[in-house]
Each structure stands twice: as C-alpha cells, then as structure tokens.
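Trainee: I'd like a close look at the ligand site in this one. Could you walk me through what surrounds the ligand and how that part fits into the rest of the protein?

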Amino acid sequence: MGGGIVGLATAYFLAKEGVRSVVIERDAVGSHASGFAFGNLSPMGGVGIPGPLYPLAQEGMRLHRELAAALPAETGIDTAYRPRPALDLVFTEEEQRFEQGRLGWRQQQPGYQVRWLEPAEARAVEPRVSEQILGAVSIEGTAEVDPYRFVLALAQGAEKLGATIRHGTVRGLLQEGGRIRGVRLEHEEMACGRVVIAMGPWSGEASAWLGLPVEVRPLKGQILRLRAPGPPVQCSVGWSHHYASTKPDGLLWAGTTEEEAGFDENPTQEGRETVMGALLKMMPALAEAQLVRQTACLRPLSRDWLPVLGAVPDRHGVYVATGAGRKGILVGPAMGRATADLILRGGTELAIEPLGVGRFAKMAAP
Ligand SMILES: Cc1cc2nc3c(=O)[nH]c(=O)nc-3n(C[C@H](O)[C@H](O)[C@H](O)COP(=O)(O)OP(=O)(O)OC[C@H]3O[C@@H](n4cnc5c(N)ncnc54)[C@H](O)[C@@H]3O)c2cc1C
C-alpha cells in the first residue's frame, strides 16, 4: 500500500514478471514526496554512502538508466531523464577538508568522473557561482529525472501489465497465526496473501499493526521554482543540503529545507527565506529571480536515516519498504526491485540485511 515511487516500483517489477498486484493509495499517485521531489539522481554522497546505502544507490542508478528508455517506450510518458553533472561548492576550510577527504573514494567509483576544481575552474563551469568559494567538487555521471512523470509512468506501466491502482485508506492488517490474510480499508476488507507497507512517512502507523516499531518520521522539505535572469543553470549547483538547477520547464528549481514539522505539508515564508538565502549564497547574481511556485513535501526518514526494507520477521507475507529519506527518487526503483524479488523468490541479490525492519526493535532493547 502507498502510491509513491516505492509502492509503484514494487507493483511495476511484480507486473513485469506476471504477478498482478493492487496498489492502494489514499490520495493520488505521486501526490506527496514522490511527485514533488527535486529529482536528482546522485549516488556519490549522503547518509550511508559510502556504506550500507551504496549498493542500493548504485542499483537505483542502473535501473534509472534502464527505465529511462523502457518507460517512455511502454507508456508514451517522457520521464525527462537526463545526465546532470553536479558542482558542489565549498565555502569553508572545514568543508574543504571534508570534500577532499572523500575525493579519493569517489574517484575510484566506476562510471563517475570526480574532480576538485579551483574557484576559477568552477566559475568556468557556471560563471554565476559565488566569489566567496574556496573551490568546488565536480561530479560527472550523475543524472536527474522528473519525479512526477516518473511515478506516473511506473503506474501506467504497471497497469498495462495487469496491476490495479485503487483509491483507499489502509487501516490495518488481517492476520491469522502470523500469516497475512488481507488488509482492512475504511469500509471494506480486501483479501491478499502478501502485503507491502510503502506508506512513506506514514509507514509508522504500521507499528501497531505489526507489534514492531517501524521507526519512520516525516522530514519536511521545500522547493522554490523561479523565473531567473540569464542562461539556464546547466548543472546541479549544490552546497550543504541545498541545490539549484534549471529544469526542463525552463524554471530554476532551488531547494531545500530539512524541517521537523510533523505531518504539515504547507509551504512557509520561513522555508522560502531559507531556500532563497542558500541560493543567493551559492549564486548571488540570481537575486532578481522571481518566485513562480513554492512546494513542500515530506521525506520518510528512519532513526538512522537509512531505508527500512525487507520481510517482517515472524509475519509471513508482510514486507516493509520505506524510509528512503533524501534519496527516495534515486533508490525507490531498487527498493521496488528488491521487494519484488523477496515476494517472487524469497530473497534478493541486493545487500539489504543492514536495512531490515527488525533493527529498531534491537536498538530499543536494553
Ligand atoms: C523537497 C524534497 C526534495 C527531494 N529531492 C529528492 C531528490 O532530488 N532525489 C531523491 O532521490 N530523493 C529526493 N527526495 C526524497 C524522495 O522524494 C522520497 O524519499 C520518496 O519520494 C519517498 O517515496 P515513498 O514512496 O517512500 O513515499 P511517498 O511518496 O510519501 O508515498 C507514500 C504514499 O503512501 C500513501 N499512504 C500513506 N498512508 C496510507 C494508507 N494508510 N493507506 C493508503 N495509502 C497511504 C500516501 O498518500 C503516499 O502517496 C526529496 C524529498 C523532498 C521532500
């Protein structure tokens, strides 16, 4: 249940192997983070990279490259996948030490070209970056996608192969002797032999259904879409957890915030000021940019910032796939692939052991 990128990718990969599933979505597909994310596909950094997220991030990248051709052919939807180099700016000596410390590892990863750039070299890539930078890291091999079109294409691709997407709110699970028998919706029950909990930041509701902590909470993020003067920003300019890039709609998209604001999905003035402040720190020449649209959505974030992925211990037929945090557009397809593998074959070649849902119960134990 859950019509975000993770639930839909699971349904898509199941359908590809002839298994029909029902995606239950209480709003509309892609109506939360999966439809309003930025769409950067950058497997070279973030929590768990290098580390337990890296295999999933690389598989996510591989699947995105594959789906960039497959989904438009299958559905007629252009997902706007395109290579997008990153230019990560460095303002302080501490940031410089951090970036140069991980440069060697990054340069060893096949498929990416990673270089340290002096300020003049960085400005040769994007002339509007701040005069204040000490340098920048250039990464080639990264990409971007339009998240909303991507989830729509996954949904249509899955439907064409027999999946059903239906409206409904899941209220609980029907279980018998540790085995799943169905799900309880608001006004009806639906029988099934397997269930995937992919409810994004709302997945914590399943803790009560499973008697096991699914420790996922919302981390709000906001994005501004701006009409900016001058030529498009051709790479993804980043600093700290902020970024900006011109999207195929011709607008400059700038993000983001990291806010602990519960389940509030409303854009705020404070969010606007934070994002604008970071944008102008990165590229002061964009002070004249005009706001066209502001969006806010919620990342599903686990306690250790890593996805929660795998079969639920002692509950036959129940799987959890959530907690992708800031990387869900990148890793969502890999999470769907791994979940489909678990359902179809009882195992996956992806290294998902460190991501198991049981880890929170262990963390909680004295
Ligand atoms: C501002 C911002 C920018 C981002 N940028 C990037 C990026 O550039 N690159 C990247 O890789 N990631 C990015 N992310 C992260 C990414 O968007 C998320 O990790 C990802 O979308 C999570 O997908 P999901 O399917 O787990 O959850 P969601 O997209 O939240 O989907 C879950 C769905 O479950 C449904 N649901 C919940 N409860 C129930 C219920 N009881 N019954 C039925 N349905 C239910 C919800 O309505 C929802 O549609 C960004 C996130 C934010 C907020």
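Mentor: Let's go through the ligand's surroundings, then a helix that contributes to them, then the domains on either side. Keep in mind that this is a predicted model.

Start with the shell. The ligand has 42 residues around it, and the closest are Gly 2, Gly 4, Gly 200, Gly 221 and Gly 328. Sorted by class, the shell holds 18 nonpolar, 18 polar and six charged residues. Several elements each put in at least two residues: α1 (5-16), β1 (22-25), α2 (33-36), β13 (216-227), β17 (290-302) and α9 (328-345). The largest share, four residues, comes from α9.

Now zoom in on α1, one of those contributors. This helix has twelve residues and reaches 16 Å from its first C-alpha to its last, close to the 16 Å expected at 1.5 Å a residue. Among the buried ones are Ile 5, Val 6, Leu 8, Tyr 12, Phe 13 and Leu 14. The cover over the buried residues of α1 includes β1, α2, α6 (147-160), β12 (195-197), β19 (318-322) and α9. Of these, β1, α2 and α9 also supply residues to the ligand shell. After α1 comes Gly 18, with a positive phi near 85°.

Next, the domains. The assignment gives domain 1 (5-79 + 146-215 + 303-364) and domain 2 (84-143 + 220-298). The ligand lies between the two, because both give residues to the shell around it. Their C-alpha centres are 28 Å apart. Where the domains touch, twelve residues of domain 1 are in contact with 19 residues of domain 2. On the domain 1 side of that contact, α2 and β2 (40-41) are the elements that give two or more residues. That side of domain 1 has seven nonpolar, four polar and one charged residues. Notice that α2 turns up here as well as in the ligand shell.

Finally, step back to the whole chain. The protein has ten helices and 19 strands. Its C-alpha trace spans about 65 × 40 × 40 Å along the principal axes. A compact globule of 366 residues would have a radius of gyration near 21 Å, and the protein's 21 Å agrees with that. Buried residues make up 48% of the 366. Of the contacts between residues at least 6 apart in sequence, 72% join residues at least 24 apart.

Methods: Residues are numbered from 1 along each chain as its sequence is written. This is a predicted model: local features need pLDDT of at least 70, side-chain atom pairs count only at pLDDT 80 or more; totals for chains, interfaces and linings use all residues. A residue is near a molecule or strand if its C-beta atom, placed from the backbone, lies within 6 Å of it. Ala, Val, Leu, Ile, Met, Phe, Trp, Tyr, Cys and Pro count as nonpolar, Asp, Glu, Lys and Arg as charged, and the others, Gly among them, as polar. Domain bounds come from an automatic or database domain assignment. The radius of gyration is taken over C-alpha atoms; the globule rule is 2.2 Å times the number of residues to the power 0.38. A residue is buried if 20 or more other C-beta atoms lie within 10 Å of its own, exposed if 12 or fewer, and partly exposed in between; C-beta atoms are placed from the backbone. Two residues are in contact if their C-beta atoms, placed from the backbone, lie within 7 Å. The expected span of a helix is 1.5 Å times one less than its number of residues.
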